[in-house]
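Subject: The structure I promised you

Hi,

Here is the structure for you to look through. Have it open while you read the rest of this email.

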Amino acid sequence: MTKTKYIWFNEKFVKWERAKIHVLSHALHYGSGVFEGIRCYETLKGSAVFRLKEHLDRLWNSARCLEMKIPFSKGEIKDAILKIIKLNKLKECYIRPIVFYGYGKMGLNPKGAKIDFAIAVWPWGKYLKEKVKVKISKFMRLHPKSVFPFAKVSGYYVNSIFASLDCQKSKVDEVILLDYKGCVAEGPGENVFIVKNKKIFTPKLESVLPGITRDSVIKIAKDEKMEVFEKDISAKELKNCDEAFFTGTAAEITPIYQIDDKIINGGEIGPITKILQEKFYKIVHGEDEKYKKWLTFVK
Ligand code: PMP
């Protein structure tokens, strides 16, 4: 991780080294925090945060699941995000807002613990390789009746960590987790898409996070007059696809060239993936007027 100068922490701009919490913070023990991963890109008209409104809406929805009352308004957090990027003099960066039950309460009911809110920003280049080799994980994605799948809760990520640790042992770049029905769910931090006979498919929102990149790709593909379907995808359908790719704020659009022993599209990025990837990069860099509404300029 590339260190930057300041972190926004409970309304103050504090030095990176000083953004500290107590060891008895509730979220450290039980995962009772919610967070976002957002990107800011350089454009010809200055730096711009991609789909900030949608990320803040998801953060507030996540907090609601933990019955957490965020002591700031969305407007205040939006301003804080834009200010912390400016203060750290970053043109492009990854943005990590996290709000969590802090110090003051032990036991599983977090009510009564202090609510802490931090926003860190740092330069973060490519999260995954240009194209990736994946395996289907032995770990199942969290059951939708065990958690709120639409929320981005810190504790959920232990499921992703188990899957990621296992994938490192198998010498693949990333994993795909199946859901409780044995259908494709998502990567540890990415949504999954496949292309078959020029049609695009992605798992419906049952066991997966409603990714903002997923939503962007669906909208872009539809605008390009491509057919997109949200449906259950079996492991067999996954392996028999013509193209496959991950989407995510960190991963952006990353082609998948191998799934277990099956090579996809001769090991190369597929034509539809390429169109979507190029379009996506243009949009995030402010080169497509039609999608300007997705950008919030830092100024
Ligand atoms: N699924 C999971 C489990 C994730 O952590 C992420 C990253 N936030 C995604 C999907 C992709 O979501 P987004 O496009 O909003 O980053």
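Below is what turned up, starting with the overall layout and ending with the ligand.

Before anything else, keep in mind that this is a predicted model.

**The two domains**

The protein splits into two parts: domain 1 covers 6-122, and domain 2 covers 132-284. Their C-alpha centres sit 26 Å apart. The contact between them draws on 21 residues from domain 1 and 21 residues from domain 2. Putting them together buries an area of about 1,800 Å², and carbon and sulfur atoms account for 63% of that.

**What holds hands across the interface**

How many salt bridges run between domain 1 and domain 2? The count is two.

Now look at the side of domain 1 that touches domain 2. At least two residues each come from β3 (33-35), β4 (38-43), α2 (52-65) and β6 (93-101). Which of these elements gives the most? That would be α2, with six residues. Sorted by class, this side of domain 1 has nine nonpolar, seven polar and five charged residues.

**Salt bridges in the whole structure**

Searching the whole structure gives 28 salt bridges. One of them pairs Lys 74 with Asp 57, and here the closest N and O atoms are 2.8 Å apart. This pair ties together distant parts of the chain: Lys 74 belongs to helix α3 (residues 74-87) and Asp 57 to helix α2, with the two residues 17 residues apart.

**Around the ligand**

- Tyr 157: an N or O atom in its side chain is 2.4 Å from an oxygen atom of the ligand.
- Glu 186: a polar atom of its side chain lies 2.7 Å from a nitrogen atom of the ligand.
- Ile 212: here a polar backbone atom is 2.7 Å from an oxygen atom of the ligand.

Cheers

Methods: Residues numbered from 1 in each chain as written. Predicted model: local features only at pLDDT ≥ 70, side-chain atom pairs only at ≥ 80, totals over all residues. Heavy atoms only, no water. Domains from an automatic or database assignment. Contact = heavy atoms within 4.5 Å. Buried area = accessible area lost by both parts, 1.4 Å probe. Salt bridge = Lys/Arg side-chain N within 4 Å of Asp/Glu carboxyl O. Helix = DSSP H or I, 4+ residues; strand = E, 2+ residues; numbered from the N terminus. Nonpolar A, V, L, I, M, F, W, Y, C, P; charged D, E, K, R; others polar. Polar contact = N/O pair within 3.5 Å; in protein donor to acceptor, adjacent residues only side chain to side chain.
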